[in-house]
Amino acid sequence: MDDLFVSPTVHLMVGAVVLFIGLVALIVAVRATWRRQPIGRGGQLVFILFQLSVMLQTLIGIKLLDQGLGPLQLYVHYLGGLAPLGFYLVYYWLQPANNTTHSRRLAAVAVASFLFVLMTFSIGSMYVVA
């Protein structure tokens, strides 16, 4: 693994994917809340994909830090990159009993996660040298 080199451009491209999936998750959650319906299997799959994409992005970011890249934006990436996973973790720990509250909490988590991902992507992309 130490011999593997990862380009910052890969991190930027995966970040764009994370941002897109986060937006889709946001739309799914807000739509379910608006309609007062539970999240279906497709919606659950979107949230799983979002979390997996954030995890992949985190691993790529750790490798870039290992390569000596990105120390200026270290805390922004820690906070912005890992906070969405923390939001979803708390959400899964505190499952409500009824579907309306369930959808509302999920919408709040999706909004907060998307805002953190957007902030991190925006700040991080300012430092990418292609």
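Contact here means heavy atoms within 4.5 Å. The model is a predicted one, so to speak of local features takes pLDDT of at least 70, and side-chain atom pairs count only at pLDDT 80 or more, while totals for chains, interfaces and linings use all residues. Residues are numbered from 1 along each chain as its sequence is written, and side-chain values use heavy atoms, with hydrogens and water left out.

Take F47 to begin with. Setting aside neighbours within four places in sequence, F47 touches A25, V28, A29, I39, Y88, Y92 and L106. F47 also sits among the residues with the most contacts inside the largest nonpolar core, along with V18, A29, F50, Y88 and L106. That core has 24 residues; such a core is a set of buried Ala, Val, Leu, Ile, Met, Phe, Trp, Tyr and Cys residues joined through side-chain atoms within 4.5 Å. Buried is under 20% relative accessible area, exposed over 50% and partly exposed in between (1.4 Å probe, protein chains only). Helices (H or I, at least four residues) are DSSP runs, numbered from the N terminus.

Helix 4 has buried residues of its own, including H102, L106, F114 and G124. Their cover includes helix 1, helix 2 and helix 3.

Helix 1 and helix 2 pack at about 155°, and are therefore roughly antiparallel (angles over 145 degrees, on a scale from 0 to 180, count as such). Residues making this contact include V18 and A29 of helix 1 and F47 and F50 of helix 2.

Technical notes: Helices (H or I, at least four residues) and strands (E, at least two) are DSSP runs, numbered from the N terminus. Angles under 35 degrees count as roughly parallel, over 145 as roughly antiparallel, 65 to 115 as roughly perpendicular and the rest as oblique.
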